[in-house]
Amino acid sequence: MKTDIQIAQEASLSHIKDVAASIGIEEDELEFYGKYKAKLSDNIWEKVKDRPDGRLVLVTAINPTPAGEGKTTTTVGLGQAFAKLDKKAIIALREPSLGPCFGIKGGAAGGGYAQVVPMEDLNLHFTGDFHAITSANNLLAAMLDNHIQQGNALQIDPRQVIWKRCLDMNDRALRNIVIGLGNKMDGMVREDHFVITVASEIMAILCLADDIQDLKRRLGRIIVAYNFSGQPVTADDLQATGAMTALLKDAIKPNLIQTLEHTPALVHGGPFANIAHGCNSVIATKMALKLADIAITEAGFGADLGAEKFFDIKCRKAGLKPDAVVLVATVRALKYNGGAAKENLGKEDLEALKKGIVNLEKHIENIQKYDVPVVVTLNSFVTDTDAENEYIRKFCEERGCEFALSQVWEKGGEGGIALARKVLETLDRQESHFHPLYEDDLTLKEKIEKIATEIYGASHVIYEPAAQKQLAKIEEMGFSRLPVCMAKNQYSLSDDAKKLGRPHDFDIHIREVYVSAGAGFVVALTGAIMTMPGLPKVPAANGIDVSEEGVITGLF
């Protein structure tokens, strides 16, 4: 079998203007980035905004494992399958971060014969959106420190600066740094920090903004520090908002590319789901709903993170109502959750499967809390057995879920037809009665505890003393009606990555809470979650190279 990058490099791509034409977008409504990438111009929305929305399908998954689940692959393959059934479908995805590309996970273009292309461009610099977000973030940091250096008219307390610099790379050495060393003209000496770009509040703002004016308002509300009286200092106070908006004026426009089978894909924004809200931009999703009969989007990591935040943050803020959810699992991952060793996942093991399927069970229950129809799909591997597949099928159907096998990695859209038909049947027969998990008027603690107990299955929530004080301050400032964005490890329903399956009798530990006033949510950091990841012992970057002919190898 060819590698993902070989398949992508050998693909025959259509000119992006032809892909756009298939969904009614004219050439002069595109801003071209070469032959195969384009941004959608601002005037498209005015043309389509009064059209009825298509159906919205969310693709999510069980908790990720080293065995892999294939959520993006399934999303892409499902879009291709709908096209084969003569359905007008658009895929709406996030852009990949360079951190995972060079770290351990790899890129986010799908896999096998269910990929979005050009794969190398997408996984690397793409259209420069992440560079623009990084620049806007760091401009704000520079203007903040410059203000302190130039007399500090706003009386900013250097001990209460909360705005962090960012970089789209895994670099643990930048988590905690000291700046301003040198002489008096080099700035005030203080402790500072970096987050990965996908964890920046500006990334979240870009993905939740309705348009550039909303983007500008949200940027202005960012709280960067507190003054000596304990009052918040914002980007507007620093007069940084206009310049930041200028850096982001093109980044806010959705990007159009294609799948290997020329299905249109809007790929825009990329917040991580373990430390941010994990969904592509509201602008791209709403555009897809107006341009297609079916919009297929995804939310990062497992349903306990990405789907919960999709429902409780993105849908709440944007007024979106998902019509169905596709929940992705693999036989291999379920056996891993049941205690099977990674080297034995290719062997039939019904006992491990029965133990590990409780992870899938919990995610099914969680999605059903939102009253949205669920279709479970198995991303198929050649080592899966009929007995294993049949056990999972019966398990799902006994819990009120539709079920379908997916072979899109191997067969592209053709391998997703069974899943696509099952989704269409579900859309026709079952009505979604979507609602968020919690109401706006609950306290922040009540929201945190509802997510922890109902979605994760925790017994209690334990707050560090600092988090208790931060929560009280945030509520005092008037932000109690905001939704909560839980930052938690992705590998377990708990905040301990080693607790696989469906853990019981555990506590969720909240160590820090802060408000992202521009994005419009409150972030709660749990356990040992880091907002700046580190590289593994053997990073994926070790295997990436460029041949004498200029061809990239080793990217996946």
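This is a predicted model: local features need pLDDT of at least 70, side-chain atom pairs count only at pLDDT 80 or more; totals for chains, interfaces and linings use all residues.
Okay, helix H11, residues 282-291: 9 of its 10 residues are buried, so mostly covered, given that buried means under 20% relative accessible area. The buried set runs Val282, Ile283, Ala284 and Thr285, then Met287, Ala288, Leu289, Lys290 and Leu291. Notice that there is a lysine in that list, Lys290.

What does S3 pair with? One partner is strand S16, residues 294-298, running parallel to S3 and joined to it by 5 bridges.

Let me zoom out for a moment. The protein has 19 helices and 25 strands. Along the principal axes, the C-alpha atoms fill a box of roughly 70 × 60 × 50 Å. Buried residues make up 58% of the 556. As for contacts with a separation of 6 or more, 74% of them are between residues 24 or more positions apart.

What about the surface? The accessible area comes to about 21800 Å², and carbon and sulfur atoms account for 49% of that. On charges, there are 62 positive and 75 negative, and their mean positions are 2 Å apart.

S22 covers residues 507-516, and strand S20, residues 460-463, runs parallel to S22, with 4 bridges joining them. In that pairing, Ile462 stands opposite His509 of S22. S22 also pairs with S23, residues 521-526, but antiparallel this time, through 6 bridges. Val513 is bridged to Ala524 in S23. S22 and S23 form a hairpin with 4 residues between the strands, and Gly520 there takes a positive phi near 95 degrees.

Which residues have a positive phi without being glycine? Asp505 is one of them, at about 55 degrees. Asp505 is in the loop between strand S21, residues 484-487, and S22. Asn152 also has a positive phi of about 55 degrees, and is not a glycine either. Asn152 belongs to the loop between helix H7, 129-149, and strand S7, 156-161. Buried or exposed, these two? Asn152 is buried, with a relative accessible area of 10%, whereas Asp505 counts as exposed, at 74%.

While we're on backbone geometry, where is the cis peptide bond I wanted to show you? It joins Val117 and Pro118, with omega at about 5 degrees. Pro118 is placed in the loop between strand S6, 114-117, and helix H6, 119-123.

Two more residues and then I'll stop. Take Pro264 in strand S15, residues 264-267. Pro264 counts as buried because its relative accessibility is 6%, and the cut-off is under 20%. What does Pro264 touch, leaving aside neighbours within four places in sequence? The contacts are Val19, Ser22 and Ile23, then Ala89, Ile90 and Ile91, plus Leu256 and Ile257. For a sense of scale, Pro264 and Ser480 are 216 residues apart in sequence and 40 Å apart in space, C-alpha to C-alpha.

The other one is Asn366, in helix H14, residues 350-368. Asn366 is buried too, with a relative accessible area of 2%. Once you set aside neighbours within four places in sequence, Asn366 is in contact with Glu454 and Ile455. Gln407, on the other hand, is 41 residues from Asn366 in sequence and 26 Å away in space, C-alpha to C-alpha.

That's my tour, so over to you.

How values were computed:
Residues are numbered from 1 along each chain as its sequence is written. Side-chain values use heavy atoms; hydrogens and water are left out. Two strands pair if DSSP finds at least two bridges between them. Helices (H or I, at least four residues) and strands (E, at least two) are DSSP runs, numbered from the N terminus. Buried means under 20% relative accessible area, exposed over 50%, partly exposed in between (1.4 Å probe, protein chains only). Contact means heavy atoms within 4.5 Å. Accessible areas come from the Shrake-Rupley method with a 1.4 Å probe; for residues, only the protein chains shown count as cover. Lys and Arg count as positive and Asp and Glu as negative; His and the chain ends are not counted. The place of a charge is taken as NZ of Lys, CZ of Arg, CG of Asp or CD of Glu.
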